[in-house]
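Here is a short note for a colleague opening this entry for the first time. Please keep the sequence and the 3D view at hand while reading.

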Amino acid sequence: MTNKVQPVVIEVGEKSEVSEQREKWTSKADFIASCIGYAVGLGNIWRFPYLCYKNGGATFLIPYFLTLITCGIPLFYLELALGQYLSLGTIKAWAVVCPALKGLWIGVAMVIISFLISIYYNVVISWSLLYLYHSFASVVPWKSCGNSWNTANCSEDFRNSTANCTTVNCSMAAISPSQEFWERRILDVSNGIDEPGEIRLPLATTLFIAWAAVFFCIHKGIKSSGKVAYFTAIFPYVVLCILLVRGVTLSWCT
């Protein structure tokens, strides 16, 4: 494949429209890596294991794979096929698929959803970056109590403390240091939605870094995003393999 830019002629009823000139992928490998990076990401590492644990463990994989085969893969292929065939943006593409809608509802809705997901995922990435920063300490701060953000309920042996909790004395249930680090140090959770709290400088900094990374990844279009896709496609699998090895080597609870 080449980098030549060619206009694409699309028939809409009796009229012919020449779409704006768009760049082509440098190679098929860039396109495949971008597809893999789009399909596999932070959710596979952060959200999917939790959903499996919460919904029955390995049995959750049965409805998951059924839905993947019947809905996920066909819709993913349909989206790629439409994008490659029409070479148009979301709003204009749906105007060709269904001229009656002119892309006003479907296209705009998809753009809004993509915008909201981008905001949501960048916030999660900012949390990850902050944890990454603290992980370089000789002793990670979520390992023990005694820090400035810990409370009297913090207990390094919180599992046994919670198990021994009786119905009479459960008001002061133990909390793990990792939970208090998350709620009181990273997020600094307020007492309710009516108290928005203050801007957390560490979170604001990592969020800026996350958005800056997104900008530099896509500011040159597919020329830059196609190369970044090699990392985004491979790194999640590396992390999943590390977590798998770590998981199978943990001691079983009795």
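The points below go through a predicted model, starting with the record and ending with the backbone.

1. The UniProt record, an unreviewed entry, gives "transmembrane region" for residues 31-49, 61-82, 103-123, 199-218 and 230-252. Two of these spans are described in the next point.

2. Residues 61-82 are 100% helix and 0% strand, with the end C-alpha atoms 29 Å apart. For residues 199-218 the figures are 90% helix and 0% strand, and here the end C-alpha atoms lie 28 Å apart.

3. The unreviewed UniProt entry also lists Asn-44 under "binding site". In the model, Asn-44 sits in helix H2, which covers residues 42-46. Asn-44 counts as partly exposed because its relative accessibility is 24%, and buried would require under 20%. Setting aside neighbours within four places in sequence, Asn-44 has contacts with Ala-39, Pro-49 and Leu-240.

4. Most residues other than glycine have a negative phi. Ser-87 is not a glycine, yet its phi is positive, at about 50°. Ser-87 is found in the loop that runs between helix H4 (61-86) and helix H5 (90-97). With a relative accessibility of 15%, Ser-87 counts as buried.

5. Asp-188, also not a glycine, has a positive phi of about 50°. Its loop lies between helix H8 (177-186) and helix H9 (201-218). Is Asp-188 buried or partly exposed? Asp-188 is partly exposed, since its relative accessible area is 38%.

Terms used. Residues numbered from 1 in each chain as written. Predicted model: local features only at pLDDT ≥ 70, side-chain atom pairs only at ≥ 80, totals over all residues. Heavy atoms only, no water. UniProt positions renumbered as here; feature names shortened; annotations may be inferred. Helix = DSSP H or I, 4+ residues; strand = E, 2+ residues; numbered from the N terminus. Buried < 20%, exposed > 50% of the residue type's maximum accessible area, 1.4 Å probe, protein only. Contact = heavy atoms within 4.5 Å.
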